[in-house]
Amino acid sequence: MSKQLLILFSLLLFYTHPNYAQQISRDDNLRSIIERDGQAEVTIPAPGRTETDRISRNVSISSLKDKTLHIVLSPQTMEWFVMQSFDYKIIEKDAAKGMVTSGSLKDAMEWESYPSFSQYDSIMRSFASTYPSLCVLDTIGKSINGKLILVLKITDNVLVDEDEPEVFYSSSIHGDETGGFILMLRLADYLLKNYSVNPRVKQLVDNLEIWINPLSNPDGTYRSGNTIVSPVRANANGYDLNRNFPDPITPNTIKQKETLNMISFMRKHNFVLSANFHSGEEVVNYPWDRWSRLHADDQWFYKISRKYADTVHHYSVPGYMTFLNNGVTNGYQWYQIYGGRQDYITYELQGREVTIELDDIFITPASQLNSLWNYNWHSLIGYLENALYGIHGSISDFYSSEPVTARIFIMGHDKDSSHVYSDTLSGSFVRFTDSGSWDLLFTARGYRDTLITDIIVTDGEKTIINVLMMPDSISGTQSLDVPLLYPNPVSSDMNIVLPSDISGTVNIIVYNLSGIKIAEYNTISNIGVPIPYDVSHLAAGVYYMVITNNTTKISYTSKFIVLKE
């Protein structure tokens, strides 16, 4: 047999082999399902962490459970998946037998069926028109197909931009995860109806600005038109919007219209606390999703997540929300993703967000919507109450009392962008952290660093502090009552400005905490003119500086902190 014939015969055997034919048939079937339904769910045996990480960068993983990786494919990701030749299984899509569409607006507002999109729009408008002193309707933008992405603001004095912490609930960024959509509508209804009769609700509405976005991916949910018939996970372009946010690891992701609008909206509002509602499992997932290292406030995140799940357990049937660690998980420990919203908010916007998976099936049957509410509404209220606790404060100019925009950093604790900033207009800030004693460093352009030590935080309570920051430049018309040391803490060069009653020739002695003299020298002090002092020879730690006028013997003692980078 000639060499050419041998090659031809070998190829013929390969292409007619049953396994190859089966693979081709399965791939074609997968393509046809995606063309028909807009997506397909497949499973593969769970690979190791490295391979799962590679897969996560290219397709949308929806869960890792029982050593099986669940993947949702869209037209955008199908061909990459097919090219990998995975040994996959197609999960047949159940008919949407539980997807009952509301017969009327009145039926829809019984919360035991799914509204048409036009009914949803009317419901949101009715909240604002029925409760004009408590609720306004806003938009985050429009979807690719032109559907409004609606959001409610609920607070007392709703037409006034009060200096209150802002919180944000958002659902169904995955269009086929529908339970949270109805829960958010019902929560808005509950808050508005019970404001005057429920003290717990009144406390929330009076002290917070509550923003609720029931449906953040309307094109995915209402893919087929005005009713929910065949919803998909992705947006109209086939992109998973919860893998589409800016990410330091995958920075070149194409940002979709809905993502860009959501980012713009969230940057406009300094949300201190938020949650993103999903379905597919039953668990509270907290940052980080993309890193194995823990968030600086990992213990705080675990506590608020644990409280949500434990409250659910108290009001639900046995077995609900018990996935992974009895209903709570760190995101990375479950499976790694990139471009997720909770990591973006927590890292880029200095907010605090968790992802709450409400149901182990994507499309909650209408008959189970009431149970889903009964299981979760106490937790939904309790989660918002976290925004009332922690460290609340304001930062202002020492002389003018004008608000100061400052960075708030917990010494020896903060990392990976876990610090927060004060509001640019009011100077107010909120810093959540675990119970304990904390040292907060305040830094702002044009101001001396300010350190406040031993701030006590207690679970379930609010700690209030007001911070006055001293400008860097000291005018000759301003008088000092005590020495001014800045920056403080300091790593290299420090400036010393003395009160007028001690100007002249002064003696400066530096002691460490043990009372041992570290340095001593004499210098001349002029009113309003800083005395430079180099601390580079000092080890990191706390020191006391005793400054004495050599003639009058007037003396002052000041504390400063040396940091080493």
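## Enclosed cavities

How many cavities of 30 Å³ or more does the structure hold? The model, which is predicted, holds two of them. The largest cavity contains about 170 Å³ of space, and of the 17 residues that line this cavity, N242, R243, Y335, T355 and E357 are the closest to its centre. Helix α13 (residues 331-334) and strand β12 each supply at least two residues of that lining, which divides by class into four nonpolar, eight polar and five charged residues.

The second largest cavity has a volume of about 70 Å³, and its lining consists of I140, I149, I173, S216, L241, F245, E258, T259 and M262. Helix α10 gives the largest share of this lining, namely three residues. By class, the lining of the second largest cavity divides into six nonpolar, two polar and one charged residue.

## The largest pocket

Turning to open spaces, the largest pocket has a volume of about 1100 Å³. Its lining is made up of 42 residues, and those that lie nearest the centre of the pocket are E164, E166, N270, D423 and S428. Sorted by class, the lining of the largest pocket has 15 nonpolar, twelve polar and 15 charged residues.

Which elements contribute at least two residues each to the lining of the largest pocket? The helices are α10 (257-268) and α14, while the strands are β8 (209-213), β9 (271-278), β13 (390-397), β15 (420-421), β16 (428-431) and β19 (462-469). The largest share of the lining, four residues, comes from β16.

## Nonpolar cores

The largest nonpolar core has 68 residues, and within this core F127, Y169, I210 and Y308 touch the most other members. Helix α7 (residues 179-194) provides the largest share of the core, with ten residues. Apart from this core lies another one of 23 residues, which includes L30, I34, V59 and I71.

Y308 can be followed individually: when residues up to four places away in sequence are not counted, Y308 touches F277, V284, M321, I356, L358, N376, S379, L380 and Y383.

## Salt bridges within helices

A search of the whole structure finds 25 salt bridges, of which a few are described here. In one of them E51 pairs with R54, and the closest N and O atoms are 2.8 Å apart. Because E51 and R54 are three residues apart in helix α3 (residues 49-56), about one helical turn separates them. E51 is partly exposed, with a relative accessible area of 26%, and R54 is likewise partly exposed, at 32%.

A second example joins D189 to K193, with 3.3 Å between the closest N and O atoms. These two residues both lie in helix α7, four residues apart, or about one turn of the helix.

## A buried bridge between loops, and a network

The side chains of R352 and D297 also meet in a salt bridge, with a distance of 3.2 Å from N to O. R352 lies in the loop between α14 (341-348) and β12 (353-358), and D297 in the loop between β10 (282-286) and α11 (298-315), so this pair ties together parts that are 55 residues apart in sequence. R352 counts as buried at 2% relative accessibility, and D297 is buried as well, with a relative accessible area of 2%.

Beyond such pairs, salt bridges that share partners join E177, R233, D240 and R243 into one network. R243, a member of that network, is also one of the residues closest to the centre of the largest cavity.

Key
Residues are numbered from 1 along each chain as its sequence is written. This is a predicted model: local features need pLDDT of at least 70, side-chain atom pairs count only at pLDDT 80 or more; totals for chains, interfaces and linings use all residues. Side-chain values use heavy atoms; hydrogens and water are left out. A nonpolar core is a set of buried Ala, Val, Leu, Ile, Met, Phe, Trp, Tyr and Cys residues joined through side-chain atoms within 4.5 Å. Buried means under 20% relative accessible area, exposed over 50%, partly exposed in between (1.4 Å probe, protein chains only). Contact means heavy atoms within 4.5 Å. A salt bridge is a side-chain nitrogen of Lys or Arg within 4 Å of a carboxyl oxygen of Asp or Glu. On a 1 Å grid over the protein atoms alone, a cavity is a set of points where a 1.4 Å probe fits but cannot get out, and a pocket is an open set with protein on both sides within 12 Å along at least five of seven lines; lining residues have an atom within 4 Å of a point. Grid points are joined across faces, edges and corners, and a volume is the space filled by probe spheres set on the points. Ala, Val, Leu, Ile, Met, Phe, Trp, Tyr, Cys and Pro count as nonpolar, Asp, Glu, Lys and Arg as charged, and the others, Gly among them, as polar.
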